[in-house]
Amino acid sequence: MLSGVHQRSILGPLLYTIYTADIPQSDKTILTTFADDTAITTTHLDPALASASLQDHLRTVENWTRMWRQKINETKSSHITFTLRRGHCPPVYINQTVVPQAETVKYLGLHVDKRLTWKDHVKTKRKQLYLKTREIYWLIGKHSPLSLENKLLIYKTVLKPVWTYGLELWGCASKSNIAVIQRYQSKLLRSITNAPWYISN
């Protein structure tokens, strides 16, 4: 191999971390990486200066990727402005390609919107819960011969992690968004325990 590390190998993640350990940093931005997912953030009251800080850091990263023969996937990159004001920060470029502005981005399994309401994240998690429940309903449904203890064990190991992942971050969502998950959880637990609809959890 001329560059990079072999994918799907046991040592791949460790080797990739070593290979990219010298990725450029900046005093005006914060760089966060997890495997090959990288996020660069900065804060400033002036949107133009915020974009300028990002652009300066992106230029140093571009030079670094050329030196180590790394490829940035511009089509998968997103530029999001976290603010309660209207409008966006000025555009930034990677390899002379405009990074598309987005209202919501997905990073490490969390769907983050520009106002940090977590509405899209909760909506996505609700859909995932519905699909996973359909797959295993024959095991945890009211007609399943499994004991209540085993049904709850399946619920806690398969379904509960879907919506508790990243809870420390999105747990500050509005009550109306959190209620979406709570309603589904109540409905599911009533089904697991074969309790009537009017029983509260």
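This is a short walk through one protein chain, from its overall shape down to single residues.

First, the ground rules. The model is predicted, so local features need pLDDT of at least 70 and side-chain atom pairs count only at pLDDT 80 or more, while totals for chains, interfaces and linings use all residues. Residues are numbered from 1 along each chain as its sequence is written, and side-chain values use heavy atoms, with hydrogens and water left out.

Let's start with the whole chain. It has 6 helices and 6 strands. These are DSSP runs, numbered from the N terminus: H or I over at least four residues for helices, E over at least two for strands. Along the sequence the order is α-β-β-α-β-β-β-β-α-α-α-α. The radius of gyration is 22 Å, well over the 17 Å that the globule rule gives for 201 residues, so the chain is more spread out than a compact globule. That radius is taken over C-alpha atoms, and the rule is 2.2 Å times the number of residues to the power 0.38. The C-alpha atoms fill a box of roughly 60 × 45 × 25 Å along the principal axes. Of the 201 residues, 31% are buried. Buried means under 20% relative accessible area, exposed means over 50%, and partly exposed is in between, with a 1.4 Å probe and protein chains only.

Now the hairpins. Strand β1, residues 30-34, pairs with β2, residues 37-41. They run antiparallel over 5 bridges. Pairing here requires at least two DSSP bridges between the strands. Thr33 stands opposite Thr38 in β2. The hairpin has 2 residues between its strands, and Ala35 takes a positive phi near 55°.

Next, β5 and β6. Strand β5 covers residues 104-107 and is joined to β6 by 4 bridges, again antiparallel. Which residue of β6 is the bridge partner of Lys106? It is His111. This hairpin also has 2 residues between the strands, and Leu108 has a positive phi near 55°. As background, side chains in a regular strand alternate between the two faces of the sheet.

Two loop residues deserve a look. Gln96 sits in the loop between β3 (93-94) and β4 (97-98). Its phi is near 65°, positive though the residue is not glycine. Gln96 is exposed, because its relative accessibility is 80%. Leu116 is in the loop between β6 (110-113) and α3 (119-140). Phi of Leu116 is near 55°, another positive value in a residue other than glycine. Leu116 is partly exposed, at 44%.

On to the second largest pocket. It holds about 170 Å³ of space. A pocket, on a 1 Å grid over the protein atoms alone, is an open set of points where a 1.4 Å probe fits, with protein on both sides within 12 Å along at least five of seven lines; lining residues have an atom within 4 Å of a point. Points are joined across faces, edges and corners, and the volume is the space filled by probe spheres set on them. Helices α3 and α6 (175-193) each supply at least two lining residues. The largest share, 5 residues, comes from α3. Among the lining residues are Arg126, Tyr130, Tyr184 and Lys187. By class, the lining has 4 nonpolar, 2 polar and 3 charged residues. Nonpolar covers Ala, Val, Leu, Ile, Met, Phe, Trp, Tyr, Cys and Pro; charged covers Asp, Glu, Lys and Arg; the others, Gly among them, are polar.

Last, the cysteines. How many disulfides are there? The structure holds 0, counting cysteine sulfur pairs within 2.5 Å. Cys89 is buried at 14%. Cys172 is exposed at 62%.
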